[in-house]
Amino acid sequence: MVTEQILTNKKRLEIHAADVVSMSIFFVVPALIFGIPGLSGHPVLTGDNLLQNYPLRVLVGRSLSSGHLPLWNPTIWSGTPLLAGFNAGALYPLSILFAVLNANVAWALGQIATYWLAATGIYVLCRHYRLRPLACFLAGISFAFAGAMVGQSEHIGLVEGTSMLPFGILAILKISKNMEHVWRPRTLFDREFLRTISIYQLGWIALLGLSVGFTLLSGEPRAVSNNTIVWVCVSIWTLVLRDKMGNKLSTKAWITVFLALGVTIGFCVGAAQLLPGLSFLHDSQRATPTLANFKSGSLPLPWTLLLVVPQLLGSSGSFGQPGFLGTYQPAEVTSYVGILPLVACVSLIYQVFSSHSRARRTVDRWLVWYFVGGLGMLLSLGGNTAIGRALWRVPLYGGQRLQSRNLMIVDLALTIILAFWLDDVLVDLKIPQVIIPEVDEELPEDERRQAIVARRQVVSRVRELDKLKAFIASPIQRLIATLVPIVGVVLVLVAMYWGGTFVSLFPDISRSVHLSRYRALIPTLSVQLGVILVGGFLAFNYRRIRPDVRRVVFCSFVIFDLLVFSATVGFDISPKAIGTAKDLVSQTLAEKSTISPGPPGGLGSTPSGAPQLGGPQNFTASSASLSRSAIYDPRFLNSYGLVQLGQPDTNIFKSWASIQGYSSIAPGSYADATGTHGQDTFSRSVLEPETASQLDLTSIYTLPNYLIRPVQTKSAPALLKASQVDLSELSGRNTRSEKKKRDRLATQSWSIGSGQIRGWSFGKAAGVTGMELTSSLIKSPTQQLISGVKVGLVSQAGQVYWPQSWTDSLPGIGFLSLGSPYQAVGIEIQNLSGTYPIKISNLVIFNNGPTSFQLAGPLAGYLQPAYWNLVGPAYGYQRFNFNGPELGAYLRESDQSSGQYRVVSGNLDGNVTIETRTAQPELFVRSIAYQTGWNATLTNLSTGGISHETITRYGLIQAVQVPAGQYRVTLTYGPGSVGIGIWLTCIGLVLAVGLLAIWILVTGRSQVFDPYRPQEASSDEVDF
């Protein structure tokens, strides 16, 4: 019978073959994208994944496999918290794979699982709304394999946390849905209710808790804020705006209790990451977020056009097309989930304003997603809106950077709206006449109630079908649906014909760049134009396509649309991208579980012609301190050398320590003092002997470009003025800021105290034939003299040659001429003028070629030959070794300290045990960056007494007071928040797993209450 068929079609939550096929496809697609490259040694690694997320997870695996919690990272920033630093996602379940599997395999499995969860979550969420499997499938692939999920794939923590978002929504909706049926609490403490519905809710409470907990464990604050915003919106909509509970306060109170219980369990599950992270965040460089930082990461309004045409500002570089032409990060503005979701967004809203009551019957099912999507767009614009300052003060959200990442919320809303629209569009309009069964009043009570329920279900289904007829048959609705394709066509045509002028309207876009390169985008824009035209045609004429053919056409179009996006925007599939990641991670194919010292300079292959000078010092787990290196290349002029050496944080692969770091959360006081959070902020004061000694900085790699600048000279000797200096090699750009930098370098000057010596390194060996400089007394600028200046030339071996043949060409300007070239790598100048300091400027070195150079680079005067010895070229850089006083780890009370110590043991977390023997109280200092959370335990070897001392700050590093006598000193890192967090996580996991187990056991019994099978319906409750 037709009635039986309709009732059968109503049960869409049962597992069908289509569900199994869809979830299998969700697994196969990421397995092909990530699994095959990963297993072949070419893991999909780009951006921050390559530079920080992957290396940090490798370090997490090393710590776990060696039996230690991943609390401390000894490889960057002279030591920094690892778990509390968020980026490593140290206790996220997928990160633990690095402890038991090969690094590349673990990374690929993590990516596969993340994208499978994201697609499956959207699919199951849409199936909860009883939508057709095909509509749910297309929504799942649109969300997981397009838009921000693809654009943000280089931030693995963000996509891992976002993959939990649909599961949390599903849990909230299930908890609320179960309370909308006839089983509602008559009072706040209805015993019968507590015995039935509360037990049925346990599974969804556990799912909500695990979703919240795993989001926290992902270590991505933006994922936490995004998910929280969506979950709060859905909860408010369910409790307040979606009135399906008869306004019973007891019902809403119990829903609130269940939701609060799930969130509490989630907080406990994620506490191991959240509590240490918040504690470290207060000590980090992001402790005081600024409004300027908030605005800098907000999405400019014109960039929202990329939701319609994602290729407007360039592509991924595939097929020879130009790459992204804007200065804004492309990953932060990518949010294209297809043209049909935008069509659906415009088309479906027609029901809200429709005068047809039946067409508006189910609006409250999906209207919340318009609110969520609009809120996500507002939050993405952030500081670029009229209420930007107010948004900046919103807790959790306003304290973060890169507000454009809220586009994840927009993508989620669009894909769910797409599923609702497709569920209507793909329906077969040829519906047979439905006979509504009558209820015989003479039937027994139980049978009469069942007949009433059956009649109500048929009536509901008939009304839904009538609504579909009215909605789909409306020509106005189909015309409205074409508005978005029309806008897309106009954008593409305008961009193709007036590309340079049009795109220059976007913020941070140089018009000159686009005038010369934008026409190369015409093939890509042409393909996108075809996609938009086909999408518009389907939106208007789908009624003329047979239902069975319509399903195939829409499915094929959505898949093709996503493939075009992936090929032109999402992934770079040009030949030049092949093997990029392998060059960096080839040595991790057989990662060891512990860090072991290698041979000096064991850094892999060296380019032909480069001498085997070795790389940074390797370190061992048992050392009390670590010899560290640094790389100074803010312009990234030697990308090959950065890869070979291992720029932070990739130095983890090489097992060497650095004073620098790349991760987003850095120790605040350390970052302020050293500027080593980025290459472009590197503070040159780090190279001063006192600071370099504290940090145990043993070597630095840089280029001569950062020490000297070429000067064109027609003849020698010649008087050189600042205006004659050519500093064009400083940067390829000719901006106003670069001109200011060149002018500043051309007039750079240094002060030398009376009797003191200051040195300058050339960064290479040069045959010096002469020199010119300007000198003046600082306290008497009008009195210029050269007689009080003594200049020496430093050889490769470190010897200093002091020539005496100075000539005063002008007052205050001296010229040194040598009879024959002298091979030198630097100079030293001594102040012999008396009691006053002198100022030295305009240092020019002449060699035996036509091109001389000026000591005017950013590092000029900082790599002093007296402390920094030029070793020679290494991997395209020049290596300098520090030959000043080494601090390392030592006992210090005075310069004549007579104490002794020896290292007993140490591990990868920086924990160390030493034994000391001192005649008087002294200070044990070691070159590990000071950070709260370190503890010192002292054991008197003579008496066995145990005491605890506070770790104090000694400059930038740690120190602990050691009493006189023989003591065993154990330094361990373990903030109190870590212990509390671990215990709460264990409790949360036990609760979540326990609730799931009870739910599975109890709901498997036939007599358990099923909210989808009403049992107590009465005639007055049936809506005919």
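**View 1. An open sheet of five strands, in the order 18-19-25-21-22, has antiparallel pairing.** Strand 18 (900-906) and strand 22 (946-949) stand at the edges with a single partner strand each, so one side of each has no neighbour in the sheet. On average, neighbouring strands of this sheet are turned by 25 degrees against each other, direction ignored. The model is predicted: local features need pLDDT of at least 70, side-chain atom pairs count only at pLDDT 80 or more, and totals for chains, interfaces and linings use all residues. Residues are numbered from 1 along each chain as its sequence is written, and side-chain values use heavy atoms, with hydrogens and water left out. Strands (E, at least two residues) and helices (H or I, at least four) are DSSP runs, numbered from the N terminus. Two strands pair if DSSP finds at least two bridges between them.

**View 2. Strand 19 (residues 912-918) pairs with strand 25 (residues 965-973) in the antiparallel sense.** The pairing runs over seven bridges. Thr-916 stands opposite Tyr-967 in strand 25.

**View 3. Helix 11 (residues 221-241) packs against helix 16 (residues 363-381).** The angle is about 145 degrees and the axes are 10 Å apart; axes are lines fitted to C-alpha atoms, for helices over the stretch in contact, and angles run from 0 to 180 degrees between N-to-C directions. Helix 11 takes part in the contact (heavy atoms within 4.5 Å) through Ile-229, Val-230, Cys-233, Val-234 and Trp-237. Among the residues of helix 16 in the contact are Asp-364, Leu-367 and Trp-369. The residues of the contact divide into twelve nonpolar, no polar and one charged. Ala, Val, Leu, Ile, Met, Phe, Trp, Tyr, Cys and Pro count as nonpolar, Asp, Glu, Lys and Arg as charged, and the others, Gly among them, as polar.

**View 4. Phe-26 and Phe-137 form a stacked aromatic pair.** Their centres are 5.6 Å apart, with 15 degrees between the planes. Rings of Phe, Tyr and Trp (its six-membered ring) pair if their centres lie within 6.5 Å; planes under 30 degrees apart count as stacked, over 60 as edge-to-face and the rest as tilted. Phe-26 lies in helix 2 (residues 17-39) and Phe-137 in helix 5 (residues 133-144), so the pair ties together parts 111 residues apart in sequence. Phe-26 is buried, with a relative accessible area of 0%, and Phe-137 is buried at 8%. Buried means under 20% relative accessible area, exposed over 50%, partly exposed in between (1.4 Å probe, protein chains only).
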